[in-house]
Amino acid sequence: MLEIQGVTVNYGAIQALSGVSLTVPSGTKTAILGANGAGKSSLLRAISGLTGGYGGKIRFDGQDLGPMSATERARLGIAHAMEGRRLFKQLTVQENLELAWSFGRRGTPLKSALDEVYGRFPILGERSRIACGLLSGGQQQMLILSCTTVRSPRLLLLDEPSLGLAPIIVTQIYEFIDEFARSSGVTVVLTEQMAMLALKASHHAVVLRRGTVALEGASAGFLERGASSELSAAYL
Ligand SMILES: Nc1ncnc2c1ncn2[C@@H]1O[C@H](COP(=O)(O)OP(=O)(O)O)[C@@H](O)[C@H]1O
Ligand SMILES: [Mg+2]
């Protein structure tokens, strides 16, 4: 279980998050929604240890993450796919996967972790020796996601996995997330600006507005109520 209590993140004079609290039960998927600048990425960065510090408490399976470095959190099984497809662009597909594996829990031997990725995304296998900067946007997103799954994660943080991708690729990426979550039992926190997509892919949804929680509830409830007006009010 992930417990976030009163989390505050500042960048100098800019307050990106103020007093955000939420609980994510193990094995569930939570969508963090909100407009650009609402604080979605800052929340994921606070969890994975990339903000350099935060106020409040974040606990994962009862352990306080506060004193732990990003590397220690990665070893614990927290894997963060950052927005904007951050990869080592000059390294090959396989080198990126190997590097990602080495930072994780090493729950699976490297060879079988790679075989699993190439079985799931054959195109990555075919292009394993190619610098990943040469892949298409969709292929890079498959690689980014695979760089988290090879780490045998217990908590998966996905920052806007659909951003800038063609609809057919988005569908494929979300099917993959769903299937991986189901088969591995991993806990997922994902962010999106596109609400409908993320609601369909999650159990629970939280809307951030200017660094605070504006709205939260069961994703199915939002969908049943046809929540677009409710949501757009919270986005403003
Ligand atoms: N590294 C940074 N330095 C200064 N301000 C930042 C930095 N990262 C984010 N911000 C600011 O913090 C706020 C929240 O940003 P962010 O967490 O990226 O929101 P979102 O992911 O929802 O778009 C915004 O006002 C943004 O401009
Ligand atoms: Mg963001």
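## Basis of the model

The structure is a predicted model, in which local features need pLDDT of at least 70, side-chain atom pairs count only at pLDDT 80 or more, and totals for chains, interfaces and linings use all residues. Residues are numbered from 1 along each chain as its sequence is written, while chains are lettered from A and ligands numbered from 1 in the order in which they are written.

## Overall form

The protein chain contains 10 helices and 10 strands. Helices (H or I, at least four residues) and strands (E, at least two) are DSSP runs, numbered from the N terminus. The chain has a radius of gyration of 17 Å, close to the 18 Å given by the globule rule for 236 residues, so it is as compact as a globular protein of that length. The radius of gyration is taken over C-alpha atoms, and the globule rule is 2.2 Å times the number of residues to the power 0.38. Along the principal axes, the C-alpha atoms fill a box of roughly 45 × 40 × 35 Å.

Of the 236 residues, 42% are buried. A residue is buried if 20 or more other C-beta atoms lie within 10 Å of its own, exposed if 12 or fewer, and partly exposed in between, with C-beta atoms placed from the backbone. Two residues are in contact if their C-beta atoms, placed from the backbone, lie within 7 Å. Among contacts with a separation of 6 or more, 68% join residues 24 or more positions apart.

## The nonpolar core

A nonpolar core is a set of buried Ala, Val, Leu, Ile, Met, Phe, Trp, Tyr and Cys residues joined through C-beta atoms within 7 Å. The largest such core has 63 residues, of which Leu-143 and Leu-157 touch the most other members. Helix H6 gives the most to this core, with five residues. Apart from residues up to four places away in sequence, Leu-157 touches Leu-44, Ile-47, Ser-48, Ile-78, Ala-79, His-80, Ala-81 and Val-189.

## Helices H6 and H7

Two packed helices are described by the angle between their axes and the distance between the axes. Axes are lines fitted to C-alpha atoms, for helices over the stretch in contact, and angles run from 0 to 180 degrees between N-to-C directions. Helix H6 (residues 137–149) packs with helix H7 (residues 167–184) at an angle of about 10 degrees, and their axes are 10 Å apart. H6 and H7 are therefore roughly parallel to each other. Angles under 35 degrees count as roughly parallel, over 145 as roughly antiparallel, 65 to 115 as roughly perpendicular and the rest as oblique.

In this contact, Gly-138, Gln-141, Leu-145 and Thr-149 of H6 meet Ile-169, Ile-173, Phe-176 and Phe-180 of H7. These residues divide into five nonpolar, three polar and no charged. Here Ala, Val, Leu, Ile, Met, Phe, Trp, Tyr, Cys and Pro count as nonpolar, Asp, Glu, Lys and Arg as charged, and the others, Gly among them, as polar.

## Buried positions

Helix H1 (residues 40–48) is mostly covered, with nine of its nine residues buried. The buried residues of H1 include Lys-40 and Arg-45. Gly-49 follows H1 and has a positive phi, near 95 degrees.

Ile-58 belongs to strand S4 (residues 55–60) and is buried because it has 23 C-beta neighbours inside 10 Å. Not counting residues up to four places away in sequence, Ile-58 touches Ile-4, Val-7, Ala-46, Ile-47, Leu-65 and Gly-66. Leu-199, in helix H8 (residues 195–200), is also buried, with 22 other C-beta atoms within 10 Å. The C-alpha atoms of Leu-199 and Leu-33 are separated by 9.0 Å, although these residues are 166 residues apart along the chain.

## Partly exposed positions

Most residues other than glycine have a negative phi, and most peptide bonds are trans. Asp-61, in the loop between S4 and strand S5 (63–64), has a positive phi near 45 degrees. Asp-61 counts as partly exposed because it has 13 C-beta neighbours inside 10 Å.

Arg-106 lies in the loop between helix H3 (93–103) and helix H4 (110–120), and its phi is positive, near 55 degrees. With 14 other C-beta atoms within 10 Å, Arg-106 is partly exposed.
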